[in-house]
Each structure stands twice: as structure tokens, then as C-alpha cells.
Amino acid sequence: MNKKTQFQLSFMMFLEFFIWGGWFVTLGSFLGNNLNATGAETAMAFSTQSWGAIIAPFIIGLIADRFFNAEKILGVLHLIGAYLMYQMSQSTEFALFYPYVLGYMIAYMPTLALVNSVSFNQMENPEKHFPVVRVFGTIGWILAGLIISLVFKWDSIANIQEGMLSNTFTMVAIASLILGLFSFTLPKTPPSVAKGEKVTLSDILGLDALKLLKDRNFLVFFLSSVLICIPLAFYYQNISPFLTEYKVENSTAWAALGQLSEVGFMLLLPFFFTKYGFKKTILFGMLAWGIRYALFAFGNAGDLFFMLALGIALHGICYDFFFVSGQIYTDSKAGEKVKSAAQGLITLATYGVGMLMGFWVSGQIVDKNILADGSHNWQDVWLFPAFFAIGVLILFAVFFKTEKVEYKA
């Protein structure tokens, strides 16, 4: 892969995740402060990610893989996204905002697979080259948070009350426009499926991998993956409103600490996985979920703020040790014939079904913990996912039998 191509792919990844991190982190605070959204309405808005994840395979399988180059589809979807994102910035009521965010996520979620397709198509050695390109996505997410907090200060307590978080959507609309136009200059990535070749519903949804569920260990892992997404949804949906309500300044920059830790713990994962094995790695990841929410429940913005910061920093363990390890496990169990189908099935089950349930549950719990002054009993909000995560840990520990899984980077 030449330097020009590497730059193009790295810039594409940077913008792809700058766009996501530039509005999704502060969405909860925006909805509560700008649109006076309830917990249930906030859950509806976050659930659009899950609907996008459910619909994405159809867009990729029925359109991108058969009729058009991936980079062209990527460009069109981001141009559509730029328009929808601008409309979101202008919305003053949840009823007007929701159709735009739903349309946006249906357009955006397929691009996550498209940027990977464009990247892999240019790489002779993906194992070596892809991490170097993909890390720019994490940098983009982190930089978006730092710009919001430290450059424009849109998430300061005073500016949130003035409604300044709407500017995050304008910033992302501009980034989407740039990536949409830039995508047409990317290396050509032709359709991977011949026009005359039939693509079935089973192919699109990865249903061929369902036979893996006959394996007891994989079934336990599959169910645990879906269930652990409920605590995960609590984090995505509530971290910004939680920090804002506690009057934590630069909250988006603090939230970016989670992505920084993700990079660090990704480097530790091979050592931990090789030394302790798959089951203990997964259990350690789930234990981290319980610990982080307990830290959120009992920390505060004063002398115990270090507990909140530590809870955010645990995101790397929570995500990498469970989800990345899970991808490696799925890869090892599936074999060559259904490898792609198995990864697609896990993605659909977690980011689709699991997160959809998680956002709904989170919305219900938040609404049940509203106090008389309009604030929330955050201790009870966070204790729910803490106990839930420990419950999933016990389920996995009891029913998953230890087996040897080789680490593949």
C-alpha cells in the first residue's frame, strides 16, 4: 500500500469517527436541555443506532455489494447525512428531531462497513496495515470531543443552558459534507458480488451462522453478548447528561478518556488473552462493567471525582476485553465458510437487538429516578447496570466451559 493510499484511508477513517464522536457523545445532554426530552424519548433517539445497525446489512447486501462501488455509496450516504445533520441542528422539538436522527442513523451505520471494505480492498496485508489506518478513527473521535470542550466550550454548563450544543450538529454536518465529497476521490472498490449472483436473506443477516448456536459454549457467549449490551447502552445514553447534571466542565473531553483507554488496553489484550485465556479475559471485561457503574454510583464531582474519571477510563477494558475478545472467539469457532456470516450475526445481535433493548431499559430506569427538582437519582440509575453486569458475569462463569482459543490479532 503506497503512502498516498494510506493517507486517503487514514483521513477517511479520521472523518468517519470524528463525525460519530462529534454529536453522539453529547446527544443525551442536547436532548434534555434543548428539546426537554424525557428518558423514554432520549432512549428512542439513541435506539436509532440500533435500527441503523439492523437495516445496514440490507443496504450493504442488496445495494453496495451488488451494483455500485463502495466508495461511491459511501460518498452518497455522507452527503445525505450532511443534510440530515444540518436539519437536526435546526430542530427545536423532539417530534421534529426524531425523523431526522432516524434517517441519519439509517444512512450512517452502513458506512461503518463501507469504510472497512474500501480499506481492506487496498491492503495486501490487512493484519499489518489495517490497525495503522483504523487508529486514526479513534483519534478523530477523541479530537471531536476535545474541540467541543476545549476549543468552542459548547459543553460548558453555561453554554449548554444557552443551547450551544446544537452547534455540534453543524460541525458534524460540515465534516459529513467534506467526507462525502472526499469519498469520490478514494481508490475504486468495485462490487464484491456479481450482478447475476443471487443474494439471499440468509446471506445478508448471517443466518448460516445460526448452526453455531448448537454449540453450548457459543450459545452462552452469544446470549451473554446480547445481555451485556444493556449495561453498555446505559453508558452511551447517560454519560453526558450525568456529567452535565453533576456540573462537570469539559465533560465531552473527559468522556474521550474512554477512547484513549481503548487504545491502551487494546495493546494489553494480546498479553492478557494469551496468559489467562478467553474465559478469564471475558470475565475480567464483565467485572469491569460492574466496577465502573459502581464508581459512577458512588462518585461525585467534588472530592470523589477521581471515581468518575476512573469509571470512564475503564471503558477500554469493558469494550476491548469483551467485544474484541468476542470477535476473536467467534472467528475461531466459525471457520472459513461462515466466518463473515458469524461476525455479521454477532453484530446484528449486539448493536441491533441488544442495544435496542438496552436503550429502552435505560430510558425506563432514568424516568423512574427523576427527582422533584427535575434532576435524577443517579446512584440508583447506575446501580441497575452494575448489578445487571454482575448477573451476566455469573451466568457466563457458570455455564461457559473453559476452552482453548488462539489469539489472532
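The model is predicted: local features need pLDDT of at least 70, side-chain atom pairs count only at pLDDT 80 or more, and totals for chains, interfaces and linings use all residues. Residues are numbered from 1 along each chain as its sequence is written, and side-chain values use heavy atoms, with hydrogens and water left out.

## Helix packing

Two packed helices are described by the angle between their axes and the distance between the axes. Helices here are DSSP runs of H or I with at least four residues, strands are runs of E with at least two, and both are numbered from the N terminus. Axes are lines fitted to C-alpha atoms, for helices over the stretch in contact, and angles run from 0 to 180 degrees between N-to-C directions.

Start with helix α10, residues 216–245, and helix α15, residues 378–399. They pack at an angle of about 165°, and their axes are 10 Å apart. That makes α10 roughly antiparallel to α15. The cut-offs are simple: angles under 35 degrees count as roughly parallel, over 145 as roughly antiparallel, 65 to 115 as roughly perpendicular and the rest as oblique. The crossing of α10 and α15 is left-handed. A crossing is left-handed if the near helix is turned anticlockwise from the far one by less than a right angle, and right-handed if clockwise. The residues of this contact divide into 22 nonpolar, three polar and two charged. In this scheme Ala, Val, Leu, Ile, Met, Phe, Trp, Tyr, Cys and Pro count as nonpolar, Asp, Glu, Lys and Arg as charged, and the others, Gly among them, as polar.

Helix α12, residues 257–298, also packs with α15. The angle is about 165°, and the axes are 7 Å apart. α12 and α15 are therefore roughly antiparallel to each other. α12 passes α15 in a left-handed crossing. By class, their contact has 21 nonpolar, two polar and one charged residues.

## Salt bridges

How many salt bridges does a search of the whole structure find? The search finds two. A salt bridge is a side-chain nitrogen of Lys or Arg within 4 Å of a carboxyl oxygen of Asp or Glu.

Lys 333 lies in helix α14 (residues 315–368), and Asp 215 lies in the loop between α9 (201–205) and α10, so the pair ties together parts that are 118 residues apart in sequence.

Glu 403 also forms a salt bridge with Lys 333, and the closest N and O atoms are 3.4 Å apart. Glu 403 lies in the segment after α15 and Lys 333 in helix α14, so this pair ties together parts that are 70 residues apart in sequence. Salt bridges that share partners join Asp 215, Lys 333 and Glu 403 into one network.

How accessible are these residues? Buried means under 20% relative accessible area, exposed over 50%, and partly exposed in between (1.4 Å probe, protein chains only).

| Residue | Relative accessible area | Class |
|---|---|---|
| Lys 333 | 23% | partly exposed |
| Asp 215 | 29% | partly exposed |
| Glu 403 | 23% | partly exposed |

## Cysteines

A disulfide is a pair of cysteine sulfur atoms within 2.5 Å. By this rule the count comes to zero disulfides. Cys 229 is in no disulfide; its nearest cysteine sulfur belongs to Cys 318, 12 Å away. Cys 229 counts as buried, at 1% relative accessibility. Cys 318 counts as buried too, at 0%.

## Buried and exposed places

Is helix α13 largely enclosed or exposed? Seven of the nine residues of α13 (residues 305–313) are buried, so this helix is largely enclosed by the rest of the structure. Among the buried residues are Phe 305, Met 307 and Leu 308.

Phe 46 sits in helix α3, residues 39–64. Phe 46 is buried, with a relative accessible area of 0%. Phe 46 and Gly 363 are 317 residues apart in sequence, and 9.7 Å apart in space, C-alpha to C-alpha.

The loop between α10 and α11 (251–255) holds Lys 247. Its phi is near 60°, a positive value in a residue other than glycine. Lys 247 counts as exposed, at 54% relative accessibility. Asn 250 is in the loop between α10 and α11. Phi of Asn 250 is near 55°, again positive in a residue other than glycine. Asn 250 is partly exposed, at 26%.
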